[in-house]
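Keep the viewer open as you read.

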Amino acid sequence: MKTTAFALCALTLTSLADCTCTLDHEKIESHIREKVKERGVTLKSITCPKDRKIAAGDKFECDIEADNGEKGKVAVEQTDDKGSIKWEVTSGDGDKHPSGN
């Protein structure tokens, strides 16, 4: 199983020792869009939460809409404290379709 890290760390101006690390939602969206397209579905839109802190075990959802108008969700889980994720598409009927991370 391949895991992909999507971390974006930003140092605050007050202290170089204080690092706030968040997931790069744009890279996650791009990765999901690409992998879904490889399976024959083109996404009209995908929206993942912004400013999600890196935390192993953290779970969240992204909203997707295919070009044909079908809407769904992508369940995302952080697998470590380095920004690696696994995800699966959940269709409107609740069926889950694992990614090919």
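This protein has one helix and eight strands, and bear in mind that what you're looking at is a predicted model. As for how the chain meets itself, take the contacts between residues at least 6 apart in sequence: 33% of them join residues at least 24 apart.

Now find the helix. α1 covers residues 25–38, which makes 14 residues. From first C-alpha to last it reaches 20 Å, close to the 20 Å expected at 1.5 Å a residue. Which of its residues are buried? They are H25, I28, E29, H31, I32, K35 and V36. Look down the axis of α1 and you'll find these buried residues within an arc of 165°, so they line one face of the helix. Over on the other side of α1 sit E26, K37 and E38, which are exposed.

The two ends of the helix deserve a glance too. At the start of α1, D24 points a side-chain oxygen to within 3.1 Å of the backbone nitrogen of E26. Past the other end comes G40, which follows α1 and has a positive phi, near 95°.

Next, the disulfide. The structure holds one, and it joins C48 to C62, with the sulfurs 2.0 Å apart. The link between C48 and C62 is right-handed, with 110° about the S-S bond. It ties together distant parts of the chain: C48 is in the loop between β4 (43–47) and β5, while C62 is in strand β5, 14 residues away. Are these two cysteines buried or exposed? C48 has a relative accessibility of 4%, so it counts as buried. C62 comes in at 0%, so it is buried as well.

Stay on strand β5, which spans residues 59–66, and move along to I64. This isoleucine has a relative accessible area of 10%, under the 20% cut-off, so I64 is buried. Between the C-alpha atoms of I64 and C48 there are 8.9 Å in space, for a separation of 16 residues in sequence. What surrounds I64, once you set aside its neighbours within four places in sequence? It is in contact with L43, S45 and I46, with the run E70, K71, G72, K73 and V74, and with V89.

K73 belongs to strand β6, residues 71–78. Its relative accessibility is 34%, so K73 counts as partly exposed. Leaving out neighbours within four places in sequence, K73 is in contact with E61, C62, D63 and I64, and also with E88, V89 and T90. Among these partners is C62, the cysteine that is joined to C48 by the disulfide. With D63, K73 makes a polar contact of 2.4 Å between side chains. As for T90, it lies 17 residues from K73 along the chain, yet their C-alpha atoms are separated by 5.1 Å.

Definitions and conventions
Residues are numbered from 1 along each chain as its sequence is written. This is a predicted model: local features need pLDDT of at least 70, side-chain atom pairs count only at pLDDT 80 or more; totals for chains, interfaces and linings use all residues. Side-chain values use heavy atoms; hydrogens and water are left out. Helices (H or I, at least four residues) and strands (E, at least two) are DSSP runs, numbered from the N terminus. The expected span of a helix is 1.5 Å times one less than its number of residues. Buried means under 20% relative accessible area, exposed over 50%, partly exposed in between (1.4 Å probe, protein chains only). The arc is that of the directions from the helix axis to the C-beta atoms. A polar contact is a pair of N or O atoms within 3.5 Å; within protein, one must be able to donate a hydrogen and the other to accept it, and residues adjacent in sequence count only if both atoms are side-chain atoms. Contact means heavy atoms within 4.5 Å. A disulfide is a pair of cysteine sulfur atoms within 2.5 Å.
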